[in-house]
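Have the viewer open as you read.

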Amino acid sequence: LVFPEGTRTLHRPLNRFKSGFALVAKLAGAPVQTLCIEYSGRHLAKGASLFSPLSEPMRFTLRVGPRFEITADESPVDFSRRIETCLRRELEQPAA
C-alpha cells in the first residue's frame, strides 16, 4: 500500500503525486490498483494528535478505482501524472 501524494490530502481533491510508486511499478513490472480511502472526523487530519481521545466515531469508505499498467516507453513521471490526472478528473465530478 503506497500513498502517492506522500502525505494526507491538503488540497482537495488531490495533492500532486510523487512518482516513487510509479518507479516501483515499472521496475517490478506490476500494475497499480487504485483505492480511494475516505474518512470522517478530524482524528487523522494533519496536525491532529494520534494520542488524543476520539471525540466522534470514525467512518471509513473504501472505493476500488481503476487499475493501471505502465507501458514500456512510459517514464515513471509520465505514468504518475497519467494516474493523477485520471483520478483528479474522477474525484472532481459531482456525485450522482
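Which backbone oxygen lies 3.2 Å from a polar atom of the side chain of Ser80? The backbone oxygen of Lys18 does.

## About the model

This is a predicted model, in which local features need pLDDT of at least 70, side-chain atom pairs count only at pLDDT 80 or more, and totals for chains, interfaces and linings use all residues. Residues are numbered from 1 along each chain as its sequence is written, and side-chain values use heavy atoms, with hydrogens and water left out.

## The chain as a whole

The chain has 2 helices and 2 strands, running α-β-β-α from the N terminus. Helices (H or I, at least four residues) and strands (E, at least two) are DSSP runs, numbered from the N terminus.

Of the 96 residues, 24% count as buried, meaning under 20% relative accessible area with a 1.4 Å probe, protein chains only. Among contacts (heavy atoms within 4.5 Å) between residues at least 6 apart in sequence, 60% join residues at least 24 apart.

## Around Ser80

Ser80 sits in helix H2, residues 76–92. It counts as buried because its relative accessibility is 0%. Setting aside residues up to four places away in sequence, Ser80 touches Phe17, Lys18, Ser19, Phe21 and Ala22.

Two of these neighbours, Phe17 and Phe21, have ring centres 6.0 Å apart and planes at 80°, so the pair is edge-to-face. Rings of Phe, Tyr and Trp (its six-membered ring) pair if their centres lie within 6.5 Å, and planes over 60 degrees apart count as edge-to-face. The structure holds 1 aromatic pair. Phe17 is buried at 5% relative accessibility, and Phe21 is buried at 12%.

## The nonpolar core

In soluble globular proteins, nonpolar side chains tend to be buried together. Here the largest nonpolar core has 11 residues, including Phe17, Phe21, Ala22, Phe79 and Ile83. Such a core is a set of buried Ala, Val, Leu, Ile, Met, Phe, Trp, Tyr and Cys residues joined through side-chain atoms within 4.5 Å.

Leaving aside neighbours within four places in sequence, Phe79 is in contact with Ala22, Ala25, Val32, Phe68, Glu69, Ile70 and Glu74.

## How the helices meet

The axes of H1 and H2 come within 8 Å and cross at roughly 115°; axes are lines fitted to C-alpha atoms over the stretch in contact, with angles from 0 to 180 degrees between N-to-C directions. At this meeting, Phe21, Ala22, Leu23, Ala25 and Lys26 in H1 face Pro76, Phe79, Ser80 and Ile83 in H2.

Technical notes
Buried means under 20% relative accessible area, exposed over 50%, partly exposed in between (1.4 Å probe, protein chains only). A polar contact is a pair of N or O atoms within 3.5 Å; within protein, one must be able to donate a hydrogen and the other to accept it, and residues adjacent in sequence count only if both atoms are side-chain atoms. Rings of Phe, Tyr and Trp (its six-membered ring) pair if their centres lie within 6.5 Å; planes under 30 degrees apart count as stacked, over 60 as edge-to-face and the rest as tilted.
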